[in-house]
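Work through the exercises below with the sequence and the structure at hand. Try each task before reading its solution.

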Amino acid sequence: MKKIILGVAALTLVVTLTGCGLQNTNQQQATKEPIKIGWIGPLTGQSAVLGMDSVVAAQIAVDKINSQG
C-alpha cells in the first residue's frame, strides 16, 4: 500500500512540475508589459527600522533589474 501511495505522490509531483515549465517568457518580453511586484512590511511603529531597510533593499533590486532592461 505504501508503494502505491508513494507512486501516486511521485506521479502527481512530476505532472505538477512539468506544467510549471510551460510559461512562455519570450511572449512577456515581446509585449513589454510592466511586471508588477509587491512588498509588505512594517513601516511604522517599533519595527519600522526593519521595514525601512527592507524597502531600501527591494528598491535597489528593482533599480538593478530595470537597469539591465
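**Exercise 1.** State how confident the predictor is in this chain, and find which helix has the lowest mean pLDDT and which the highest.

Solution. The model is predicted, and the mean pLDDT of the chain is 78. Of its residues, 80% reach 70 or more. Next, compare the elements: helix α2 (residues 25–31) has the lowest mean pLDDT, 57. The highest, 88, belongs to helix α3 (residues 48–67).

**Exercise 2.** Describe the secondary structure of the chain.

Solution. Count the elements: there are three helices and zero strands. Then read along the sequence, which gives the pattern α-α-α.

**Exercise 3.** Check whether the length of α3 agrees with its number of residues.

Solution. Helix α3 has 20 residues. The expected span is 1.5 Å times one less than the number of residues, so α3 should span 28 Å. Its end C-alpha atoms are 28 Å apart, which agrees. Just after α3, G69 takes a positive phi of about 90°.

**Exercise 4.** Decide whether I4 is buried or exposed, and say which patch it belongs to.

Solution. First locate I4: it is found in helix α1 (residues 2–20). Its relative accessible area is 55%. Exposed means over 50%, so I4 is exposed. Together with M1, I5 and V8, I4 forms a nonpolar patch on the surface. The accessible area of these residues together is about 470 Å².

Conventions. Residues numbered from 1 in each chain as written. Predicted model: local features only at pLDDT ≥ 70, side-chain atom pairs only at ≥ 80, totals over all residues. Heavy atoms only, no water. Patch = residues over 30% accessible without salt bridge, like charges linked within 9 Å, V, L, I, M, F, W, Y side chains within 5 Å. Areas by Shrake-Rupley, 256 points an atom, 1.4 Å probe, with all protein chains shown as cover. Salt bridge = Lys/Arg side-chain N within 4 Å of Asp/Glu carboxyl O. Helix = DSSP H or I, 4+ residues; strand = E, 2+ residues; numbered from the N terminus. Buried < 20%, exposed > 50% of the residue type's maximum accessible area, 1.4 Å probe, protein only. pLDDT = per-residue confidence, 0-100.
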